[in-house]
Amino acid sequence: MVEVRLENLKKYFGNGKVKAVDGIDLTIKDGEFLVLLGPSGCGKTTTLRMIAGLESPTGGKIWFGDKDVTYFSPKDRNISMVFQSYAVWPHMTVYDNIAFPLKIKKHPRDEIDKKVKWAAGMLQIGNLLDRYPAQLSGGQRQRVAVARAIVVEPAVLLMDEPLSNLDAKLRVAMRAEIKKLQTKLKVTTIYVTHDQVEAMTMGDRIAVMNKGKLLQVGPPTEVYLKPNSIFVGTFIGAPEMNLLEVSIKEKENGLVLEGTGLEITLPEEFRELLERYINKSVIFGIRPEHMTIEGVSTLEHVKRAREIEGTVDFIEALGTDTIVHARVGEGNLIKIKLPGHIPLEIGSKVKIVVDLDNIHIFDKTTENAVI
Amino acid sequence: MNEETKFILKKLVFYAFIFTVVAWIVIPIIISTLYGFALPKDYYDPKKILPTSFTIKYVKTLLITLGALDGIKNSIIVALITIAISFALGIPAGYAVAKFIFPGKDTIKLSIVALRMFPIPVMAIPLVILYIRLHLIDTLLGVALAHTAMSLPFVVLITSSIFAGVSKELEEAAMVFGLTRLGSFFKITLPLALPGLAAAAMFTFVMSWNEVFVASILTLAHRTLPAQILSIMAGASGGAAPDYYKFAAAFIMILPAITFIFFARKYLVTMWGITLK
């Protein structure tokens, strides 16, 4: 159990041509479950591999507590790792796979036996100990890999997209199980994934990465409700956040977001933040679940709302939800997520209710959030 | 012609083809074995295609009186030395080619193969002169070194494809869980590669066992089996040998190859890196 601190961590490939990780500062608290989230190629796996010691950094430092482990070899870091491909050794039985790390560290035999049985029990694979990995299903192999990772009682547990090779149902089950296990063991965990649902459900905090840079770090709800950039806003949430180009105008009843086919009067408190954007264009963002259609469903918790007019263009009925694609003005298509089954006719005119407390305004050039 | 007759005809052609290919290989083996043990009167009887009375006399003469047994012993020694040296050099090279990215990797891979394009008869005289100077002429080590030069390219290519089949993450997992890179090679990669490496060893063995040209020019007293057989058959002992001796010799040569294929057939596919799961 240890705090992990990354200090301006860098990894360049091909003589600095490819900046896989481009200066990351991040502290993972003792016992915390941190999710590194980002699209493929964003540098999240490279970051994890540097923490593991499988990749040596081009620059920066890695601290475990007050120990500088930047150039330690993996075996001297007291870490465990669960690999994407499980990396369960095919020539060893499940028992030997789990016992192997302890055997290397020369633990006494009866202690190894006790610990292997404990770890196997935690992952409910006690009945599979004599089998070889080839005789196991993907989900079972995954459990072996996790059991092997926890048996050594590591200071830091690293997971590299451990659930991405499982089928959807199993993934949901394992998600909860891994999270519970981590809460029980209180081991500092760094979990890499590109799946925003995994990140939202598992992480104590989420660190969103893109193009080798760390964009935002925070608890899941904060990252979801207050994204600091267009990238974070659209990467988290499905269907993704609606983005519309609008301009900010000064009118008699205050500041107004004006775009093709929509006009939204903003509350006075936004004035200070938006002052320098008056008569300039900005990006207006609103999540599909933060809107509703008048007369169809209500957002009960909404305190302040504005209405815009639209035409129903297309309807996706998902059973639990309905996603309404509505045309607003010329060419602006926005998605609205409504609970339950909503019978709406394509082409019908609707009034779209926008939750004013959940709107986002981004700077057009920096793409950073203003509100 | 309806679909069914078409189907049957297709099957027929397919099996006829298979039969031809198998017969092409199997019939000479059967004939060599039968005639190798046949009595001369059966062999020369124009009414008989297959001999009916057998003797081990000629195989025995070849093995004991004419020195084929010594040849077998020499061949085994040469083959084992060849395997030892080509594996000692080839495994690290194969591993490097499979697992690391370094400048000039493709050039090295290509030149390894290109080495084998060089016809050995062209090198015959320089090789003999070099061997005389190095006092390697007519020694088993000398032949083994020459065989190593011939088999090493294959050992490098075969082992590299075997190692490429062992996933990087398996080794990395071992490193994370407490082994050094070298340790993870010996504890994880090598055991996983073992079946493939065994096949590569057998391949090298057979290559060395069958090689006759280099063995013939580099040795005189200490000949390997093929060189020994060649000198017997070509008439080093005064005139070409009778046919049934040739068949007996063929039988002695074929036996290890068949044994090899029998045990190695399972691994032969692996050897070329097609699968390692």
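Visitor: Which residues does A147(A) touch, not counting residues up to four places away in sequence?

Guide: This is a predicted model: local features need pLDDT of at least 70, side-chain atom pairs count only at pLDDT 80 or more, and totals for chains, interfaces and linings use all residues. Residues are numbered from 1 along each chain as its sequence is written, while chains are lettered from A and ligands numbered from 1 in the order in which they are written. Two residues are in contact if their C-beta atoms, placed from the backbone, lie within 7 Å. By that rule, A147(A) touches I98(A), A119(A), A120(A), M122(A), L123(A) and I125(A).

Visitor: Which residues have the most contacts inside the largest nonpolar core?

Guide: A nonpolar core joins buried Ala, Val, Leu, Ile, Met, Phe, Trp, Tyr and Cys residues through C-beta atoms within 7 Å. Buried means 20 or more other C-beta atoms within 10 Å of the residue's own; 12 or fewer is exposed, and partly exposed lies in between, with C-beta atoms placed from the backbone. The largest core has 149 residues, and those with the most contacts inside it are L36(A), A147(A) and L158(A).

Visitor: How many residues does the second, separate core have?

Guide: Its members include Y35(B), L225(B), I232(B) and A241(B). The count for this core is 16 residues.

Visitor: What radius of gyration does chain B have?

Guide: The radius is taken over C-alpha atoms, and the globule rule is 2.2 Å times the number of residues to the power 0.38. For 277 residues a compact globule would be near 19 Å. The C-alpha trace spans about 75 × 75 × 35 Å along its principal axes. The radius of gyration of chain B is 23 Å.

Visitor: How many helices are in chain B?

Guide: Helices (H or I, at least four residues) and strands (E, at least two) are DSSP runs numbered from the N terminus. Chain B has zero strands. Its helix count is twelve.

Visitor: How far apart do the C-alpha centres of domain 1 of chain B and domain 2 of chain B lie?

Guide: The bounds come from an automatic or database domain assignment. Domain 1 covers 3-44, and domain 2 covers 69-224 + 255-271. Their C-alpha centres are separated by 34 Å.

Visitor: Which element gives the most to the side of chain B that touches chain A?

Guide: The contact takes 14 residues from chain B and 18 residues from chain A. On the chain B side, α8 (168-176) and α9 (181-210) each give two or more residues. With six residues, the top contributor is α8(B).

Visitor: Why do β2 (18-28) and β5 (67-68) of chain A have one side left without a neighbour in the sheet?

Guide: The open sheet of four strands has the order β2-β1-β4-β5, with antiparallel pairing. Pairing takes at least two DSSP bridges between two strands. β2 and β5 of chain A stand at the edges, so each has a single partner strand.

Visitor: Which residue in the turn of the β16(A) and β17(A) hairpin has a positive phi?

Guide: Six bridges join β16 (residues 305-317) of chain A to β17(A), and the two run antiparallel. I315(A) stands opposite V324(A) in β17(A). Three residues lie between the strands, and the one with a positive phi of about 95 degrees is G319(A).
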